[in-house]
Amino acid sequence: MLVGLEDSFGNPSSMHAYGRNSRQLVESAREQVAAGIGSSPEEIIFTSGATESNNLALIGLMKSLLPQKNHLITSAIEHHAVLHTAQALENAGYQLTILPVDSEGFISPQTLKNSLRPETALVSIMMVNNEVGTVQDLKPLVDIAHQNGTFFHTDAVQAAPCLEIDVARMGVDLLSLSAHKIYGPKGIGALFIRSGVDLEPLFYGGAQERKMRPGTENVPGILGLGAAMELRVDHLTSRLKKFQELRSYLCQGLSEIAPDCMINGPADHVSPHVISATFPGLDGEMLLFHLNQQGAAVSLGSACTSESIEPSHVLSALGLGEEDIDSTLRISLGESSTQNQIDQLLSIFTDAIQRSRIT
Amino acid sequence: MMGKFHIRLVGGWCGNRMYIVQEHLSKLLAEQGYDVKIDQQSIWENYAPPQHVDLVLQLMPAFTEEELEPPSLLVRPFLKTLDDPKTLDLVFEAVALHYPSIPDPAQAG
């Protein structure tokens with residue numbers, strides 16, 4: 001990234017030597033990203049992050065297939081970057097089906113099959129859920145969509161930290177990535193667009209990124225994403241094993257401290273870096289507050305909106321009631337997480353639990 | 001009474017909700033003839049037990065009764081439902097109990 005900021009300040013679109021040097025660096029990063037997901041470099045478009053990638057995938061694909069196809073299918077547990085985009089398309093006149101999930105966050109292939117129509121243009125289902133870690137078995141879903149002549153997009157942002165991503169094996173047509181989930185810089189991401197899939201761009205005004213994403217490239221960000229993707233591949237196996245061990249250790253510890261604690265999502269087919277835990281009878285924000293006071297950084301199952309505190313749509317879709325959702329914390333493991341840190345977290349949990357009881 | 005009956009609303013991160021609860025209770029209590037001042041305290045900005053107030057209403061179990069000098073009530077249901085009847089009754093009872101004089105209906109807003 002420093003090379004892009006200090007040594008190679010040229011605009012990649014310029015023909016002079018400085019520009020060509022920057023262009024070369026950008027193309028190297030594209031190769032790194034492509035290698036990380038098993039695609040060819042020409043199938044990678046750089047964006048400002050996964051939100052833009054998801055918007056480009058959904059809006060771009062749906063617009064490109066009008067007027068023959070105008071139906072979109074997604075799931076109830078998608079990130080808002082997909083769900084709100086899908087709802088915006090519905091408001092603009094497109095047809096939308098939101099698939100339910102079971103209590104572990106899985107989508108039934110039969111339900112998808114029943115929802116497909118001749119005019120279904122796109123199915124968008126995330127690879128790993130960001131709140132409970134459910135790893136969706138995408139291949140059967142992709143095959144069902146393709147049998148209907150329907151394209152398939154997946155938001156793979158939460159898969160990137162510790163799962164293999166191979167677009168050839170998965171068969172997806174579009175795949176969104178973000179750098180900051182794999183220790184790259186914030187504000188940069190990518191969209192894989194399978195060769196032969198046409199999208200309408202979101203923006204106009206330049207020829208960058210094959211006219212799919214006009215605008216001068218974020219060269220330092222792109223270099224950071226490329227480096228992060230390369231490092232991700234190098235550390236994938238060891239990171240997965242480490243996260244699995246730490247997750248197991250944390251869940252065991254939580255069950256000893258709070259026997260009525262429930263871990264949300266599946267026991268198997270789960271990405272181990274995400275742990276969603278419900279502590280019945282506790283106020284989630286107070287729990288978070290006391291943990292934060294002791295230096296622990298966790299997240300809530302609810303979010304403040306303009307008027308009220310809204311329960312997580314993901315936990316709602318899994319069937320949790322509002323009280324349980326308000327008593328839910330999300331704990332994420334990272335590259336620097338250690339067993340010693342989990343011991344520290346568990347030790348401060350005991351006091352935090354005592355101080356967060358609703359009754 | 002010398003000054004307004006002072007209620008401190010204690011809440012968390014969601015400042016929007018605190019404002020909505022504050023405005024709603026102010027209106028309801030004024031309608032009942034109480035001369036009250038309700039202010040807010042977010043635990044994220046100030047995690048100290050409120051002092052020198054007449055009543056503490058907590059949207060979350062931030063402070064225990066032992067930590068608080070003033071009387072207090074947990075009004076967590078207001079996070080979801082502004083007009084939760086049971087919680088409103090508790091608030092009205094607490095204000096009636098601790099309010100220093102009978103409200104003058106002529107002063108009702």
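Student: In what order do the 4 strands of the open sheet in chain B lie?

Tutor: Keep in mind that this is a predicted model. The sheet is open, and its pairing is parallel. Read across it, the order is E2-E1-E3-E4 of chain B.

Student: Which are the edge strands of that sheet in chain B?

Tutor: Look for strands that pair on one side only.

Student: What is the bridge partner of Val56(B) in E4(B)?

Tutor: Start with the pair of strands. E3 of chain B spans residues 55–58 and runs parallel to E4(B), with 3 bridges between them. Val56(B) has its bridge partner in E4(B), and that partner is Ser72(B).

Student: Which strands does helix H1 of chain B touch?

Tutor: Helix H1 covers residues 15–31 of chain B and packs on the sheet. Its direction makes about 165 degrees with that of E2(B). The strands touched by H1 of chain B are E1 (5–11) and E2.

Student: At what angle does helix H2 of chain B run to E3(B)?

Tutor: H2 takes in residues 85–98 of chain B. It lies across E1, E3 and E4 of chain B. Against E3(B), the angle is about 170 degrees.

Student: Now chain A. Is strand E4 of chain A mostly covered or mostly open?

Tutor: Count the buried residues in 120–124 of chain A. A residue is buried if 20 or more other C-beta atoms lie within 10 Å of its own. In E4 of chain A, 5 of 5 residues pass, so the strand is mostly covered.

Student: Which residues are the bridge partners of Leu122(A)?

Tutor: E4(A) pairs in parallel with E2 (71–75) of chain A over 4 bridges. It also runs parallel to E5 (151–155) of chain A, joined by 3 bridges. Leu122(A) has a partner in each: Leu72(A) and Phe151(A).

Student: What is the handedness of the β-α-β unit that E4(A) and E5(A) make with helix H6 of chain A?

Tutor: Helix H6 of chain A spans residues 138–147. With E4(A) and E5(A), the unit is right-handed.

Student: How far apart are the centres of domain 1 and domain 2 of chain A?

Tutor: The domain assignment gives domain 1 as 2–232 and domain 2 as 237–354 of chain A. Take the centres over C-alpha atoms. The separation is 28 Å.

Technical notes: Residues are numbered from 1 along each chain as its sequence is written. Chains are lettered from A and ligands numbered from 1 in the order in which they are written. This is a predicted model: local features need pLDDT of at least 70, side-chain atom pairs count only at pLDDT 80 or more; totals for chains, interfaces and linings use all residues. Two strands pair if DSSP finds at least two bridges between them. Helices (H or I, at least four residues) and strands (E, at least two) are DSSP runs, numbered from the N terminus. Two residues are in contact if their C-beta atoms, placed from the backbone, lie within 7 Å. Axes are lines fitted to C-alpha atoms, for helices over the stretch in contact, and angles run from 0 to 180 degrees between N-to-C directions. A residue is buried if 20 or more other C-beta atoms lie within 10 Å of its own, exposed if 12 or fewer, and partly exposed in between; C-beta atoms are placed from the backbone. A crossover is right-handed if, with the strands pointing away from the viewer, the path from the first strand over the helix to the second runs clockwise. Domain bounds come from an automatic or database domain assignment.
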